[in-house]
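Dear colleague,

Please find the structure below, together with the sequence.

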Amino acid sequence: MTLQHWLSEQRLRAHKTSKEEIRNLLSKVERDLEDAAIVDLSTDRRFMIAYDGALTLATIPLYCEGYETRGKGQHWLTFKLLPEIIGNEFSDLANYLDQYRTKRNISAYDRTGQISLAELDELLREVQQFRDRLLLWLHESHPGLI
């Protein structure tokens, strides 16, 4: 489904971003990566913080292209639209993050102790690599916003 479809379904709406907003979102990602590395926190909590960093990163391209999600399922839609907005080479990452969205929901709402240290470490690596790839995309596609 296209961006136009989601707009007609009112799951997306127009959003005007700014250099300051993008800078603040990138700062939030850095904070989330630092906080997720705090070993004194539970693995579940660290995972949720790292996930929040991934969601923030996935939100940036939406904002840069003039959209924001709304309504139920915002996290799912944000990840789903990632390849459409910044390229099909992000399809695997979008699918990966969506799988971890489900794990995050279980950990946040249903049960604790569901996240392994290996899953956390993997997510942290993925978020860091995503950040680096997204920064390249920003420099190429929206240099005025960074």
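In which strand does Thr 69 lie? Thr 69 belongs to strand E2, residues 67-69, where helices (H or I, at least four residues) and strands (E, at least two) are DSSP runs numbered from the N terminus. Please bear in mind that this is a predicted model, in which local features need pLDDT of at least 70 and side-chain atom pairs count only at pLDDT 80 or more, while totals for chains, interfaces and linings use all residues. Residues are numbered from 1 along each chain as its sequence is written, and side-chain values use heavy atoms, with hydrogens and water left out.

Thr 69 has 13% relative accessibility and therefore counts as buried (under 20% relative accessible area, with exposed over 50% and partly exposed in between, for a 1.4 Å probe and protein chains only). Leaving aside residues up to four places away in sequence, Thr 69 touches Arg 11, Leu 12, Leu 62, Gln 74, Leu 77 and Thr 78, contact meaning heavy atoms within 4.5 Å.

The structure also holds three aromatic pairs (rings of Phe, Tyr and Trp, the last by its six-membered ring, with centres within 6.5 Å; planes under 30 degrees apart are stacked, over 60 edge-to-face and the rest tilted). One of them joins Trp 6 and Trp 76, whose ring centres are 5.8 Å apart with planes at 80 degrees, so the pair is edge-to-face. This pair links helix H1 (residues 3-8), which holds Trp 6, to helix H4 (residues 74-86), which holds Trp 76, 70 residues apart. Trp 6, at 5% relative accessibility, counts as buried, whereas Trp 76, at 29%, counts as partly exposed.

Best wishes
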